[in-house]
Structures are given as structure tokens and as C-alpha cells.
Amino acid sequence: MMSARENWLRAVQFQYPEWIPCSAGFAPIVWRTHRESLERVILDHARLFPDYQAGSVNFYDEMPPVYRQGEYYRDNWGCLWYNAHEGLEGQVVESPLADWSRLDDYHMPDPLVHHERGEEPKDWERIAADVARAQAEGRLTWGNGERLFDRLYFLRGFENLMMDIATDDPHLPVLIEMLTDYELRLVRKWLEIGVDVIGFHTDIGTQRSLMISPAKFRQYIKPMFMEIFQTCRQGGALVSLSSDGHLLEIVDDLIECGVSVHDPQLRANTLPGIAAAYKGRLCANVDLDRQSFAFLTPAQIREQVREVVEVMAAPEGGLMLSASVWDEKTPLANIAALCEAMEEFCFA
């Protein structure tokens, strides 16, 4: 059997993987709710969670500040965050560039030193050693890019950014160029280390459409994507893009920019929509319908996984599955059914 790294790379590049890569993740509040019972489910599905070690999660009896309800904290970009729900990431309530008059004096954090939040400075010597060790062990290696479109509305505030785009505010290209330069510094560091994949996050869709028109996307955001993603590809790294919401109208643009794999959300894009836009063209890491997990029966969850695989799978690859459980009301039986179905249909 081929290694998980080779299988993943083959799936992304349509080179006939042996199985469908798949993954599942759980929000801290889900861990706190189900605790040892969730860990037992994970340990029972070693094919899906091959690297999980018993006792490696502390069940979040005390949440980190980023997940604490009612907690305010300021990140390294100057954004003030507030959490309305325990165990989930909050939202920006104060943006450092809400007033364009602050732009001339604004300095982004150093991507080679600072994390997004207030963690210890990055230790690139250790990071490079970890990557080298993973490569020696035949494991897939990742570099972490930054947030893209969502970073813009964190910095400006959502309504402000929408008005900037609608009115073609002349300050906006300046900010986009600053963010692009920031990303390129980080990308070049990961390319120097020699990772297989560089991942980016950029929520740009609602449940029904893009947040901005496709024309405005192509005017403002696509050039940033093109420069960053093509730098990755030309440097030998694949590009993984995570972007929630409905993105069907710009899949061709993502392909042109150099995206290797994207995670279309099942609910927002629909299975027929994903099949038409992605199948045979761009590897789809289909994000199963997390909004339904708390309300379906185990049999219905199994059917959801089965249907995605039946419609999207092809011998040459181009399909992955991911499941994110964020609702603590999701029954443990449903989580077990989800894991069982992913193992059943992805490793068949």
C-alpha cells in the first residue's frame, strides 16, 4: 500500500490514488461535551485518525482565550476579538483600519516572527527540523499561509470593506498590496524550507453567493490570489485553499490562479453544483454538511457520505472528504456514524 503522503498527492493531481483522503475535526466545545467518549470513538477509527495518541487532548476544561465566552483579546494585527459562544472562535469587534486615516502609520506584523495571535515568536529552525523529520518519515509536509480576503475585513470592518469595494476606494489597492507582500514573504520562507503544500484561508462566500460580485472579485482579489498562488506553484508547492460558502462562480478563476485543492461546502454549493464545477478539473475536498450533523439520524449521515462518494469519486482521483463537528449538540452516535461512513466509503 502506498504511503498517505503519496496517496494525498496523487488524489490532488489526478494520478490514481489508492483511497480517498479524508479527515474529521472537532471544535473544543465538542471535546468538552463528549470528553473520553469522543476519544474512544477516535481510537476506534485508527484509519481515519492514524496519528492520534490517547490522552493528547485535555478536553478543554479551561478554554484558551480565543475560545472563551465573553473574552476580549487583541491579536498581533491590532484586531480586537470577542467571543459570544464558548468553545468557538469569536469575531472582530474593533478593526485597526476602520478609519483610512490610520493606513499610513499602520504596520502589519512580521510574518517571519509573529503568529496571528500573541503566541511565542516563530522558531524557524525548529519548524525546518520538523519538516525535515516528516519528510524523512515519508509524511506530507505543510506550510501555513495567512488569511486573505477575510484579513481585509478584519482590518477594515466588514461593512467598510463592502463599501470600499462598491465605491472603488483608492485606499483599497494599497492595503491589498500590503497584504500580498506580507503573504509573499511567508510563502518564500516555506518554499525555502521545501514543504509539499502551502495552505491558505479566505472565507469569501455566503450560503447563497459570493460576498462580492464575481466582477469585483476579479478586479480586486484575483490578482492577489494569482501572485501568491503562482509563486507557490512555481516554487514547487501545491496550494490548498480553505474558503467557506458558495464559490461556484469563481472555480475557473481558482484553477487559473493555481489552486490545487479547495474545500467546497456541501450545503452552500450543493452536490450537483460541486460535481459540475470541480469533478475532473479541481480536487474537491468536499466539506460535509456540518449544519446537519446534530439533526440527522446515523443512517442519514451514512447516506450523505455515500452519496458524495458515489457522485464525486473517480479512479483518477480529485476527491477528498472532510468533516468538521462544531455543534456540541451533535450526538455521539452521529459522530461515530460519520467516522464509520468515512472509513467505509473512502477506504473501500
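Strands here are DSSP runs of E with at least two residues, numbered from the N terminus, and two strands pair if DSSP finds at least two bridges between them. This is a predicted model, in which local features need pLDDT of at least 70, side-chain atom pairs count only at pLDDT 80 or more, and totals for chains, interfaces and linings use all residues. Residues are numbered from 1 along each chain as its sequence is written, and side-chain values use heavy atoms, with hydrogens and water left out.

The open sheet consists of 3 strands in the order β2-β3-β4, with antiparallel pairing. β2 (72-74) and β4 (91-94) are at the edges with a single partner strand each, so one side of each has no neighbour in the sheet. From one strand to the next, the twist averages 40° (axes are lines fitted to C-alpha atoms, and angles run from 0 to 180 degrees between N-to-C directions).

Searching the whole structure gives 1 cavity of 30 Å³ or more. On a 1 Å grid over the protein atoms alone, a cavity is a set of points where a 1.4 Å probe fits but cannot get out; a pocket is an open set with protein on both sides within 12 Å along at least five of seven lines; lining residues have an atom within 4 Å of a point. The largest cavity has a volume of about 50 Å³, and its lining includes Q207, R267 and D289.

The second largest pocket holds about 170 Å³ of space. Among its 14 lining residues, E18, W19, I20, A314 and C346 lie nearest its centre.

Methods. Grid points are joined across faces, edges and corners, and a volume is the space filled by probe spheres set on the points. Helices (H or I, at least four residues) and strands (E, at least two) are DSSP runs, numbered from the N terminus.
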